[in-house]
Amino acid sequence: MSLMNILLDVSVSHLGGAIGAGLAAIGAGIGIGQIGKGAVESIARQPEAANDIRANMILTAAFVEGVALFAVIAGLLAVLK
Amino acid sequence: MGEIRLKSLLVASLSLLLAFSSFPAMANEDHAGEKLDPAKVIMEHIQDAHDFHFFTLKKNDGTEFHATIPLPVIIYSQTKGKLTTFSSAKFEHGHAAYKGYKLEHGKIHSETENEVFYDLSMTKNVVQMLLALTILVVLMVGIANKYKKGQGVTSAPKGWQNAIEPVITFVRDEVAKPNLGKKYGKYLPYLLTVFFFILINNIFGLLPGSANVTGNIAFTIVLGVISFFVILFSTNKHFWGHIFWFPGVPTPVRIFIMLPVELLGVFTKPFALIVRLFANMVAGHIIILSFITLIFIFGSMSAVAGWGFSPLSVAFAVFIYMIEIMVAFIQAFIFTNLTAVFIGQAFEGSHDDHH
């Protein structure tokens, strides 16, 4: 079995899709963690602004999660096609 | 006293959700004797179908009882030039062909060669969308009539006004006014419609046996395209000036980098709206279904493992259900908010202090 034969096997695309989705989860975790860290620190500095900060935090977290889910969809396409 | 009430409410809702999510676990039997294919089961639940399938029971004599609501199948055949309508029960879950059409993997295929036909059936998604539409129209028109008569304006709001008014004022004050400034009145009807439509379909999609409407790329594409046109029709000269002649950068950068990037940006912003809503909803449903299917995967190994694993799996599924309810609200809010932000960016006009 040459390397080419192994790489062209369909199962490699499944592997690639799954690894990609996992990496995207790591990225989302780091990103949203940083957003949460910034938000919580800001609330600690100024508790009266908690509501505004919370709204912005949720908005930004949805952006980051959207990007991570792009990668999940790409992984899903790699597995299903 | 308030804490005890909150605690009992929490226990009641949690146990109800637990009971609900054990529904798909209880009777999600597959065809007798066939090996369990988790991917196929999950895909079947996420995709559109021609009937509402709640559960299938295997009776003692080996036959199966399907608890389904069959939906009408409407096919317009261009080659034959005629419209065919019948109940999807005639397909007998893919085992029988009817009037020259058969059901394979949820899609209708024609038995005659090279037949061009259009499947206009009322599938699960269509029925659920119409249901959400009806609820939305009835609810909102009813509330509006009450406001017209003065209830909630000169006297205290009653009934559904109490539930809907904070949500509408939230969308108006947190989404429309900050982003759209003085012109918020023009766009508020569209923003409210999009918000409530996505919210109702998200919530419906969480019920076991319902259709996965917002997790359907076609649905989100249409919403995204409508938002794209709303944004496009609100653009002004200043907006296009910024795209084609981005201020504050050297000219080579302006032509070769900023122009393609900005032009692409006009399209990627609605595209992100589309994929964000679709991916969030589909991912949530897949996670819940995976946890429930995990029970059956373990069960196919040994009955004891299946039963033993089910409390853990149901607990995880309930936890994810809670998150999905939150995600349902958040995604509706995000779609509306970002549409408002993009519309605001479109007619922004010149800033007093340039970049």
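Let us begin with chain B, whose secondary structure comes to nine helices and seven strands. Here helices (H or I, at least four residues) and strands (E, at least two) are DSSP runs, numbered from the N terminus. What you are looking at is a predicted model, in which local features need pLDDT of at least 70 and side-chain atom pairs count only at pLDDT 80 or more, while totals for chains, interfaces and linings use all residues. Residues are numbered from 1 along each chain as its sequence is written, and chains are lettered from A and ligands numbered from 1 in the order in which they are written.

The C-alpha trace of chain B spans about 80 × 70 × 45 Å along its principal axes. Chain B has 355 residues, and 25% of them count as buried. A residue is buried if 20 or more other C-beta atoms lie within 10 Å of its own, exposed if 12 or fewer, and partly exposed in between, with C-beta atoms placed from the backbone. Contacts also tell us about the fold: two residues are in contact if their C-beta atoms, placed from the backbone, lie within 7 Å. Among contacts in chain B between residues at least 6 apart in sequence, 65% join residues at least 24 apart.

Chain B is divided into domain 1 (31–121) and domain 2 (125–346), with bounds that come from an automatic or database domain assignment. The C-alpha centres of these two domains of chain B lie 30 Å apart. Where they touch, domain 1 of chain B supplies ten residues and domain 2 of chain B supplies 16 residues. On the domain 1 side, helix H2 (38–46) and strand E1 (51–58) of chain B are the elements that give two or more residues. H2(B) gives the most to that side, with five residues. By class, the domain 1 side has eight nonpolar, one polar and one charged residues. For these classes, Ala, Val, Leu, Ile, Met, Phe, Trp, Tyr, Cys and Pro count as nonpolar, Asp, Glu, Lys and Arg as charged, and the others, Gly among them, as polar.

Now let us follow one helix of chain B and its neighbours. The axes of helix H4 (residues 160–180) of chain B and helix H5 (residues 184–205) of chain B come within 10 Å and cross at roughly 130°. That angle makes H4(B) oblique to H5(B). Axes are lines fitted to C-alpha atoms, for helices over the stretch in contact, and angles run from 0 to 180 degrees between N-to-C directions. Angles under 35 degrees count as roughly parallel, over 145 as roughly antiparallel, 65 to 115 as roughly perpendicular and the rest as oblique. Residues of H4(B) in this contact include B:Val171, B:Val175 and B:Leu180, and among those they meet in H5(B) are B:Tyr187 and B:Leu191. The contact of H4(B) with H5(B) has eleven nonpolar, no polar and two charged residues.

H4(B) also packs with helix H9 (residues 303–346) of chain B, at an angle of about 20° and with their axes 8 Å apart. H4(B) is therefore roughly parallel to H9(B). B:Val171, B:Val175, B:Ala176, B:Asn179 and B:Leu180 of H4(B) take part in this contact, and their partners in H9(B) include B:Ala340 and B:Val341. Here the classes come to seven nonpolar, four polar and no charged residues.

B:Phe291, found in helix H8 (residues 251–301) of chain B, is buried, with 21 other C-beta atoms within 10 Å. Not counting residues up to four places away in sequence, B:Phe291 touches B:Ser313, B:Phe316, B:Ala317 and B:Ile320.

Finally, turn to chain A. Helix H2 (residues 10–45) of chain A and helix H3 (residues 50–80) of chain A have axes that come within 8 Å and cross at roughly 175°, so H2(A) and H3(A) are roughly antiparallel to each other. Their contact has 21 nonpolar, eleven polar and one charged residues. A:Ser2, in the segment before helix H1 (3–7) of chain A, is exposed, with 7 other C-beta atoms within 10 Å. And how many residues join the two chains? Nine residues of chain A are in contact with ten residues of chain B. The chain A side of that contact divides into eight nonpolar, one polar and no charged residues.
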